[in-house]
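Grab a pencil and let's work through a few exercises together. Try each task yourself before you read its solution.

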Amino acid sequence: MDVKIHSSWLNVLSTEFEKTYFQHLISFVKNEYMTRRCFPKGSQIFAAFDHCHFNDVKVVIIGQDPYHGFGQANGLCFSVNDGVPFPPSLINIFKEIETDLNQPFPRTGNLERWADQGVLLLNATLTVRESEAGSHQNQGWETFTDAVIQKISDEKENVVFLLWGGFAKKKGAKINRSKHHVLETGHPSPLSANRGLWFGNKHFSKTNDYLKSLGKQPIDW
């Protein structure tokens with residue numbers, strides 16, 4: 001399996017692709033896709049990078065695993081393909097946007113529109129077996145995505161990192177907070193949201209206020 005990823009990221013991550021762990025990871029993923037039904041489809045594994053080029057990254061949202069239901073995952077965290085019912089976490093994300101920005105509920109859960117504006121929608125693990133949550137964890141993806149976060153932290157400035165829930169906060173622990181703007185809150189899952197840990201965080205307006213303070217174009221959420 002060749003790594004098909006946008007050239008802006010190839011320049012930044014080329015040394016990572018040459019490492020032994022990554023070679024083992026690609027062999028594992030290639031075998032899984034040949035022998036099992038896995039998501040997202042192969043051409044979308046690096047969709048987060050293809051839609052949001054390195055030079056354009058303004059915001060990073062960190063997720064955990066792709067959705068493991070048929071036809072859901074499209075390579076962007078929290079996002080689903082057009083026409084797919086919204087998963088519970090995505091519903092809560094849209095509810096927060098609705099109250100924070102007074103925006104109507106969108107008709108699609110496909111977040112490519114965010115990615116194309118400079119929002120890197122990064123899952124910690126980029127692939128999964130159908131109906132088996134976490135099935136591709138601990139194979140090397142986490143090491144790769146840690147390196148991605150580190151590269152952004154080291155080589156860019158004034159990026160907004162949205163860390164939702166304990167997993168994302170741990171994943172983003174090494175972000176240089178003197179160079180970047182880090183916002184933390186609970187996870188948008190019903191378990192967390194219903195305990196009062198998600199709603200009212202205003203991350204979407206806070207992100208746009210920060211971007212505007214830098215003279216950057218805000219995100220059309």
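A crossover counts as right-handed if, with the strands pointing away from the viewer, the path from the first strand over the helix to the second runs clockwise. Heads-up: this is a predicted model, where local features need pLDDT of at least 70, side-chain atom pairs count only at pLDDT 80 or more, and totals for chains, interfaces and linings use all residues. Residues are numbered from 1 along each chain as its sequence is written, and side-chain values use heavy atoms, with hydrogens and water left out.

**Exercise 1.** Work out how β5 and β6 pair, and what unit they make with α7.

Step 1: Find strand β5 at residues 160-164 and strand β6 at residues 181-185. Helices (H or I, at least four residues) and strands (E, at least two) are DSSP runs, numbered from the N terminus.

Step 2: These strands pair in the parallel sense over five bridges (pairing takes at least two DSSP bridges). L162, for instance, has L183 in β6 as its bridge partner.

**Exercise 2.** Find the cis peptide bond and its omega.

Step 1: Go to F39 and P40, which are joined by that cis bond, with omega about -5°.

**Exercise 3.** Which residue has a positive phi although it is not a glycine?

Step 1: That's F78, with phi about 70°.

Step 2: Now locate F78, in the loop between β2 (59-63) and α4 (88-101).
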